[in-house]
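Subject: Structure for you to look at

Hello,

Please read the notes with the structure open.

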Amino acid sequence: KKYPTDAAENWIRILKHQQSTPILFPEHPQRGSLSEAKYVHDIHLAIKEKQLACVAPIGLGWDQVIASMPELPMHALDGNHAAYAGSFFTALVFYQVITGELADALPYMAQIPLTESVQAQLGEMASQILDTHQACDY
């Protein structure tokens, strides 16, 4: 199945013309989908080949979190949207991509309704996925 990427490529071209750094967001997979994250990530890598951009490895990271912490609710009840932990993990990945600071170096945030241990584990996993799948080549 061919996924159209023309609009994304044009968007990246416009952003780069404005001296912005485009960050593509391959979204997390739906609950139970074992191949969706890689499929969506690969589409974004193909876009990156045509128009240089950053690709945040969100879905690939989710796959690792789900495999390592199956008891942690990453998905909302509908199986499609993110639960709080999923949104927090996604934010950690974006934090590191945008700032260049390691997500696993963030301190515990008491206002976040996740335990200190879970926050630390998610930070470590965000930094690990970005170590394995570099978001930006420039």
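Ala37, Lys38 and His41 of helix H2 are in contact (heavy atoms within 4.5 Å) with Gly59, Leu60 and Asp63 of helix H3. This is a predicted model, where local features need pLDDT of at least 70 and side-chain atom pairs count only at pLDDT 80 or more, while totals for chains, interfaces and linings use all residues. Residues are numbered from 1 along each chain as its sequence is written, and side-chain values use heavy atoms, with hydrogens and water left out.

H2 covers residues 36-50 and H3 covers residues 58-68. Helices (H or I, at least four residues) and strands (E, at least two) are DSSP runs, numbered from the N terminus. The axes of H2 and H3 lie 8 Å apart, at an angle of about 160°. Axes here are lines fitted to C-alpha atoms, for helices over the stretch in contact, and angles run from 0 to 180 degrees between N-to-C directions. H2 and H3 are therefore roughly antiparallel; angles under 35 degrees count as roughly parallel, over 145 as roughly antiparallel, 65 to 115 as roughly perpendicular and the rest as oblique. Their crossing is left-handed, meaning that the near helix is turned anticlockwise from the far one by less than a right angle (clockwise would be right-handed). The contact of H2 with H3 divides into 2 nonpolar, 2 polar and 2 charged residues. In this count Ala, Val, Leu, Ile, Met, Phe, Trp, Tyr, Cys and Pro are nonpolar, Asp, Glu, Lys and Arg are charged, and the others, Gly among them, are polar.

H3 also packs against two other helices. With H4 (84-99), the axes come within 10 Å and cross at roughly 130°, which makes H3 oblique to H4. Ile58, Gly61, Trp62 and Val65 of H3 meet Gly86, Phe89, Thr90, Val93 and Phe94 of H4. That contact has 6 nonpolar, 3 polar and no charged residues.

With H5 (residues 116-132), the axes of H3 again come within 10 Å, crossing at roughly 135°, and H3 passes H5 in a right-handed crossing. Leu60, Gly61, Gln64, Val65 and Ser68 are the H3 side of this contact, and Leu122, Met125 and Ile129 the H5 side. By class there are 5 nonpolar, 3 polar and no charged residues.

Which residues of H3 are buried? They are Ile58, Gly59, Leu60, Gly61, Trp62 and Val65, where buried means under 20% relative accessible area, exposed over 50% and partly exposed in between (1.4 Å probe, protein chains only). These buried residues pack against H2, H4 and H5.

Next, the cores. A nonpolar core is a set of buried Ala, Val, Leu, Ile, Met, Phe, Trp, Tyr and Cys residues joined through side-chain atoms within 4.5 Å. The largest has 27 residues, of which Val65, Leu72, Phe89, Val93 and Leu122 touch the most other members. H3, H4 and H5 each supply at least two residues, and H4 gives the largest share, 7 residues. Not counting residues up to four places away in sequence, Leu72 touches Val65, Ala85, Val118 and Leu122. A second, separate core of 6 residues includes Leu24, Ile43, Ile47 and Ala53.

Finally, Gln30 sits in the loop between strand E1 (23-24) and H2. Gln30 is partly exposed, at 39% relative accessible area. Leaving aside neighbours within four places in sequence, Gln30 contacts Glu36, His75, Gly79 and Asn80.

Regards
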